[in-house]
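Trainee: I get lost when I try to take in a whole structure at once. Could you pick a single part and take me through it slowly, along with the contacts that go with it?

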Amino acid sequence: MTLLWPDWLWSLLLLPLLVLLYQRLLARRKKNSVRLASVAIVRQALGPGPGWRRHVPPLLLLAALALLLFATARPVVKLKLPARDQTIILAMDVSGSMRATDVKPNRMVAAQEAAKAFTAALPRNVRIGVVSFAGTAAVVQAPTHSREDVVAAIDRFQMQRATAIGSGLILSLATLFPEEGIDLSQITGARAMPASPEEKKEKKPFVPVEPGSYGSAAVILLTDGQRTTGPDPLEAAKMAAERGVKVFTVGIGTKAGETIGFEGWSMRVKLDEDTLKAIANATRANYFYAGTAEDLKQVYQGLSSRLVVETKETEVSALFAAAGALLVVLAAGLSVWWFGRVL
């Protein structure tokens with residue numbers, strides 16, 4: 001907890017003075033009381049005295065004043081709150097090695113099922129987009145609230161050759177920030193068209209932000225191999241970090257590397273964990289390894305619970321003020337109930 005106006009805490013020094021004032025009032029009341037000849041007769045006529053109850057309302061009032069004075073210091077706490085207007089991009093590897101069956105029934109089916117379960121678990125206010133990448137990258141589903149469209153896009157994956165992790169990440173960023181005009185020529189191979197004078201005037205200069213500070217979007221990048229073509233994934237990670245976007249990386253398949261075969265041909269594959277960890281670290285996110293279909297499902301379940309909330313600094317002065325007001329009402333109520341007067 002932090003305080004926006006910490007100097008107001010000096011006002012709490014008034015509380016000991018109030019305690020001393022209360023004690024002096026009690027002493028004066030006792031001194032000014034009338035001395036009667038037979039105290040026993042008076043006690044019998046009046047019944048038992050208030051005892052400890054007479055101190056309860058003043059103590060509650062003192063606690064109320066403490067809370068109200070503390071509220072003036074404007075306390076701020078970090079709270080985990082539901083994220084609003086969030087977009088998540090699923091960037092998924094569709095290279096040929098995803099047919100391997102070391103993850104049952106095979107890597108692609110396991111990834112598809114985990115991604116669909118992840119989609120179903122997210123709140124309806126979260127938009128989901130899907131980017132597939134192999135030798136090239138493509139947006140198979142623009143960010144949408146429709147879970148049916150996302151599931152259909154995941155089911156439409158088509159295997160391709162090569163692995164361009166950087167292309168998948170850059171295209172994910174271009175999908176999140178279409179207004180920035182991110183150059184996609186290195187992904188598509190097409191020559192970038194020069195911007196018109198009007199576009200140059202409208203385009204604002206890019207200003208990097210703190211890595212991991214953009215709370216409205218995140219990328220989940222899943223792959224089973226290492227880069228064989230396309231832009232450098234670490235350069236793409238730098239682009240994400242400069243925009244504050246967290247990139248959570250998920251590795252699936254063989255760590256040590258082996259030759260896998262299917263449909264009459266074979267290929268050498270190896271999971272590049274170092275690169276995936278570096279991407280996650282650069283963007284202030286996390287890397288996860290999934291060696292089985294169940295591991296992959298658990299990774300996505302953990303991500304769904306992590307991404308739907310965001311930590312925000314929230315001022316809680318109103319809570320302390322409300323608690324103080326409640327104690328004031330309680331003190332007055334008890335005083336009227338017990339003694340027939342307000343304090």
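Mentor: Happy to! One definition first: two strands are said to pair if DSSP finds at least two bridges between them. Please also keep in mind that this is a predicted model.

Six strands make up an open sheet, and their order across it is 5-4-3-6-7-10, with mixed pairing. At the edges sit strand 5 and strand 10 (287-290), each of which pairs on one side only. From one strand to the next, the twist averages 15°.

Now for two neighbouring pairs, starting with the parallel one. Strand 6 (residues 217-223) runs parallel to strand 7 (residues 246-252), and 6 bridges connect them. To find one of these on your screen, look for Ile220, whose bridge partner in strand 7 is Phe248.

The other pair runs in the antiparallel sense: strand 4 (residues 127-133) and strand 5 (residues 137-144) are joined over 5 bridges. Together, strand 4 and strand 5 form a hairpin, with 3 residues between them. Here Phe133 stands opposite Ala137 in strand 5. As you trace the strands, remember that in a regular strand the side chains alternate between the two faces of the sheet.

Arg107 and Asp224 form a salt bridge, and their closest N and O atoms are 2.6 Å apart. This pair links distant parts of the chain, since Arg107 belongs to helix 4 (residues 107-121) while Asp224 is in the loop between strand 6 and helix 9 (233-242), 117 residues apart. Both Arg107 and Asp224 are buried.

The side chains of Lys116 and Asp155 meet at 2.9 Å, N to O. Lys116 is in helix 4 and Asp155 is in helix 5 (residues 147-155), so this contact ties together parts that lie 39 residues apart in sequence. With 18% relative accessibility, Lys116 counts as buried because the cut-off is under 20%, whereas Asp155, at 44%, counts as partly exposed. Elsewhere, salt bridges that share partners join Asp102, Arg107 and Asp224 into one network.

Asp102 is partly exposed, with a relative accessible area of 35%, while the value for Arg107 is 0%.

Technical notes: Residues numbered from 1 in each chain as written. Predicted model: local features only at pLDDT ≥ 70, side-chain atom pairs only at ≥ 80, totals over all residues. Heavy atoms only, no water. Helix = DSSP H or I, 4+ residues; strand = E, 2+ residues; numbered from the N terminus. Axes fitted to C-alpha atoms, helices over the stretch in contact; angles between N-to-C directions. Buried < 20%, exposed > 50% of the residue type's maximum accessible area, 1.4 Å probe, protein only. Salt bridge = Lys/Arg side-chain N within 4 Å of Asp/Glu carboxyl O.
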